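Welcome! Here is a short tour for anyone meeting this structure for the first time. Take a look at the sequence and the model, and then read on.

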Amino acid sequence: MTYEILFAGFGGQGIMSMGKFLAYGGMDDGLHVSWCPSYGPEMRGGTANCSVILSDDDIGAPVITEPDVLVVMNRPSLDKFEHIVKPGGLIIVDSDLVNRSVERKDVTEIRIPSQSIATEIGAKTIANMILLGAVVEKIGVIPMDVLLASLKEHGKESFFEMNKLAIEKGIEAVRKELVTA
């Protein structure tokens, strides 16, 4: 089993954090892991993406050319990366920030209004954790309890409960999407 996941959006949206916590979860679950960040020239507001590879086997290179999963938090990222997702792959979109649907018919799209959900919870800054919960729920690459334990161990303790709630909301969003699909 190998999963290649690409997270993409603007700097400051928590793109790197999503990838980092998924990578920590994979390591804590005994998988081989690669986490490779890529930043635009600006610190906040510029483009940012990171790739995560999780595998039972050794990882030959950290470069992803055809991700199984793409998570996008802005329109430019969808425009840039939609075409490289593997046929049969998954694209998870923050529907509050991306004003178009996926054009390809050979991938699955899940649209989650993560900004709205995060605002309802009380912190717009945790929209990324909603999407991370959705990814882990949908593809099952690591157990959810492992992700939460990794978040607790490697994240800031003061943010844990809010992040846990956001991840749970992401799980709920995917389950609702699956029921209506």
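Let us begin with the overall layout. The chain contains six helices and six strands. Followed along the sequence, these elements come in the order β-α-β-β-β-α-β-β-α-α-α-α. Please keep in mind that this is a predicted model.

How does the radius of gyration of the chain compare with that of a compact globule? A compact globule of 181 residues would have a radius of gyration near 16 Å, and the chain has 15 Å, so the two agree. Along the principal axes, the C-alpha atoms fill a box of roughly 40 × 40 × 40 Å. Of the 181 residues in the chain, 51% are buried.

**Charged pairs**

Side chains of opposite charge can pair when their charged atoms come close. How many salt bridges does the structure hold? There are nine salt bridges in the structure.

| Pair | N to O distance |
|---|---|
| K86 and D68 | 3.1 Å |
| E109 and R111 | 3.1 Å |
| E137 and R175 | 3.1 Å |

Start with the salt bridge between K86 and D68. This pair links distant parts of the chain, 18 residues apart. K86 sits in the loop between helix 2 (75-81) and strand 5 (90-94), while D68 belongs to the loop between strand 3 (47-55) and strand 4 (69-72). Are these two partners buried or exposed? D68 has a relative accessibility of 16%, so D68 counts as buried, the cut-off being under 20%. K86, with a relative accessible area of 27%, is partly exposed.

Next come E109 and R111, which also form a salt bridge. E109 is partly exposed at 21% relative accessibility. R111 is partly exposed too, with a relative accessible area of 26%.

The side chains of E137 and R175 meet in another salt bridge. Because E137 lies in helix 4 (residues 127-139) and R175 in helix 6 (residues 160-180), the pair ties together parts that are 38 residues apart in sequence. E137 is partly exposed, with a relative accessible area of 25%. For R175 the relative accessible area is 48%, and R175 is likewise partly exposed.

Salt bridges can also join up into a group. Which residues are linked in a network of salt bridges? The members are R75, D79, E82, R100 and E103.

**A buried glycine**

Now return to helix 6, where G170 has its place. Its relative accessible area is 0%, so G170 is buried. Where does V136 lie relative to G170? The C-alpha atoms of G170 and V136 are separated by 9.0 Å, and the two residues are 34 residues apart along the chain.

Which residues form a negative surface patch? The patch is made by D28, D29, D145 and E153. One of these, D29, is found in the loop between helix 1 (15-28) and strand 2 (32-39). D29 has a relative accessible area of 33%, so D29 is partly exposed.

Methods. Residues are numbered from 1 along each chain as its sequence is written. This is a predicted model: local features need pLDDT of at least 70, side-chain atom pairs count only at pLDDT 80 or more; totals for chains, interfaces and linings use all residues. Side-chain values use heavy atoms; hydrogens and water are left out. Patches are made of residues with over 30% relative accessible area and no salt bridge: like charges are joined within 9 Å, nonpolar side chains (Val, Leu, Ile, Met, Phe, Trp, Tyr) within 5 Å. Accessible areas come from the Shrake-Rupley method with a 1.4 Å probe; for residues, only the protein chains shown count as cover. A salt bridge is a side-chain nitrogen of Lys or Arg within 4 Å of a carboxyl oxygen of Asp or Glu. Lys and Arg count as positive and Asp and Glu as negative; His and the chain ends are not counted. The place of a charge is taken as NZ of Lys, CZ of Arg, CG of Asp or CD of Glu. Helices (H or I, at least four residues) and strands (E, at least two) are DSSP runs, numbered from the N terminus. Buried means under 20% relative accessible area, exposed over 50%, partly exposed in between (1.4 Å probe, protein chains only). The radius of gyration is taken over C-alpha atoms; the globule rule is 2.2 Å times the number of residues to the power 0.38.
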